[in-house]
Amino acid sequence: MKVVVAKESAPDERRVALIPDTVPRLQTMGMEVAVQAGAGADSFYSDDQYRQAGAMVVDDAGALYEGAGVVLRVVAPTLEEADRIPEGAVVISHFQPLDRRDLLERYLARRIAAFSMEYIPRTTLAQAMDSLSSQSTATGHQAVLMAAERLPKFFPMLMTAAGMIQPSTVLVVGAGVAGLQAIATARRLGGVVEVFDVRKAAKEETMSLGATFIEVDEGVDAATAGGYAKEVSEEYKQKQAALLGEHAAKADVIITTALLFGRPAPKLITEAMVEAMKPGSVIVDLAAERGGNCEITVPGEEVVRHGVRILGHTDLASRMAVHASQMYAKNLQNFLKHLTADGAFKFDMEDEITAGSLITRDGAIANVRIREAVQGAG
Ligand code: NAD
């Protein structure tokens with residue numbers, strides 16, 4: 001089976017789906033790899049490295065896609081790119097089908113089998129394929145570094161001949177994968193870290209990283225069976241807002257990561273809370289792509305309001321392209337290993353991972369959740 005690694009075309013996307021190290025591993029699975037010329041350039045993997053690893057490097061888009069069995073990407077293709085993929089081939093990428101109805105329709109019309117990395121179930125078995133986790137690890141780390149670079153203060157406590165420096169306080173809202181990595185990085189830099197989350201399991205994880213967990217209501221555990229957060233009551237929201245306001249006013253840095261699956265991000269940091277913060281403080285809103293946890297966030301931009309700098313960048317994993325690509329390539333390698341046998345896709349719909357992440361196949365919507373959502377919308 002021919003595996004095609006496309007060069008990413010989305011603005012500010014520096015990652016690549018497969019790195020040279022992964023090429024021989026795919027070959028042992030009965031696959032040959034063709035890489036679009038320059039695909040790894042922005043993440044510092046050269047065409048020569050791919051060639052040395054055993055891949056073909058192809059300049060011409062027509063020749064690249066000819067006979068492709070599977071196309072690997074980080075970001076879903078544009079419609080124009082999708083039209084180059086041979087009918088009946090497989091595409092694996094990040095893909096939010098409900099946000100990309102145009103692409104969903106195109107995949108159906110062209111009988112393309114599309115897997116979405118976001119729809120891989122968050123189970124222990126699927127952990128090694130879980131790109132939401134691997135990329136969030138990069139995002140959480142990068143968020144703290146960007147905040148530290150912009151903060152006009154030290155992170156650690158310092159005893160110097162010129163006096164004592166108080167450590168910076170970092171408030172992390174949402175201790176999922178990105179939040180936990182942000183806590184770890186902030187602690188390594190010597191910051192004092194405080195954490196909010198609605199899931200009880202987050203408390204232990206937070207404390208094991210040496211941070212303080214702020215309990216809103218000891219009786220509440222807003223976790224779904226799948227481990228995600230669910231909507232909390234109005235009473236909880238009010239209590240949380242009061243406590244958040246108190247802690248935000250004392251924080252030097254706030255990193256927000258709170259998400260509810262398939263919903264817009266909850267607005268947790270109000271403009272009034274920002275106004276009460278110390279001038280010079282920094283907020284990094286990792287929920288910016290889904291609307292932001294802070295009322296002031298502008299997705300993709302950095303703004304200063306009431307003396308507070310608010311970062312709404314959505315390309316944090318891409319800013320760590322070398323390691324983010326390395327981890328993504330490993331996720332894809334594991335995913336391909338799970339989905340194929342003797343170099344061919346199994347399409348085993350009894351398998352939870354396949355059933356969860358296969359969105360379209362043979363001109364039909366294969367995924368139950370997406371089918372229901374599309375039919376529900378008329
Ligand atoms: P996420 O990106 O969906 O959300 C980030 C965090 O925000 C979560 O911890 C969530 O509880 C929190 N949050 C949501 N609403 C909030 C609010 N109003 N106030 C404060 N916090 C709020 O989370 P994620 O990083 O994708 O992780 C989701 C869950 O999946 C976690 O339980 C994680 O441990 C689990 N997980 C399991 C596996 C696995 O076993 N394979 C892999 C990855 C993640």
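This is a predicted model: local features need pLDDT of at least 70, side-chain atom pairs count only at pLDDT 80 or more; totals for chains, interfaces and linings use all residues.

Me: OK, domains to begin with. Which ones does the assignment give?

Reply: The domain assignment gives domain 1, made of 2-119 and 321-376, and domain 2, covering 136-314.

Me: And what separates the centres of domain 1 and domain 2?

Reply: Taken over C-alpha atoms, the two centres are 33 Å apart.

Me: Now the largest nonpolar core. How many residues, and which touch the most other members?

Reply: The largest nonpolar core has 40 residues, and those touching the most other members are Val33, Leu72, Ile92, Phe115, Phe335 and Phe345.

Me: Take Leu72. What is it in contact with, leaving aside neighbours within four places in sequence?

Reply: With those neighbours left aside, Leu72 is in contact with Val3, Val4, Val5, Ala6, Ala17, Leu18, Ile92, Leu332 and Leu336.

Me: Switching topic: where does Glu295 lie?

Reply: Glu295 is in the loop between strand 13 (282-285) and strand 14 (302-305).

Me: Why does Glu295 count as partly exposed?

Reply: Because its relative accessibility is 46%, and partly exposed is the class between under 20% (buried) and over 50% (exposed).

Me: What is Glu295 in contact with, beyond four places in sequence?

Reply: Glu295 is in contact with Lys267, Ile269, Thr270 and Glu271. A polar atom of the Glu295 side chain lies 2.9 Å from the backbone nitrogen of Glu271.

Me: And how far apart are Glu295 and Ile310?

Reply: They are 15 residues apart in sequence, and their C-alpha atoms are 10 Å apart in space.

Me: Last topic, the second largest pocket. What volume does it have?

Reply: The second largest pocket has a volume of about 310 Å³. It is lined by 15 residues, and the closest to its centre are Tyr119, Ile120, Pro121, Gly356 and Arg369.

Me: Which elements give two or more residues to that lining?

Reply: Helix 12 (352-357) and helix 13 (368-376) do. Helix 12 gives the most to the lining of this pocket, with three residues.

How values were computed. Residues are numbered from 1 along each chain as its sequence is written. Side-chain values use heavy atoms; hydrogens and water are left out. Domain bounds come from an automatic or database domain assignment. A nonpolar core is a set of buried Ala, Val, Leu, Ile, Met, Phe, Trp, Tyr and Cys residues joined through side-chain atoms within 4.5 Å. Buried means under 20% relative accessible area, exposed over 50%, partly exposed in between (1.4 Å probe, protein chains only). Contact means heavy atoms within 4.5 Å. Helices (H or I, at least four residues) and strands (E, at least two) are DSSP runs, numbered from the N terminus. A polar contact is a pair of N or O atoms within 3.5 Å; within protein, one must be able to donate a hydrogen and the other to accept it, and residues adjacent in sequence count only if both atoms are side-chain atoms. On a 1 Å grid over the protein atoms alone, a cavity is a set of points where a 1.4 Å probe fits but cannot get out, and a pocket is an open set with protein on both sides within 12 Å along at least five of seven lines; lining residues have an atom within 4 Å of a point. Grid points are joined across faces, edges and corners, and a volume is the space filled by probe spheres set on the points.
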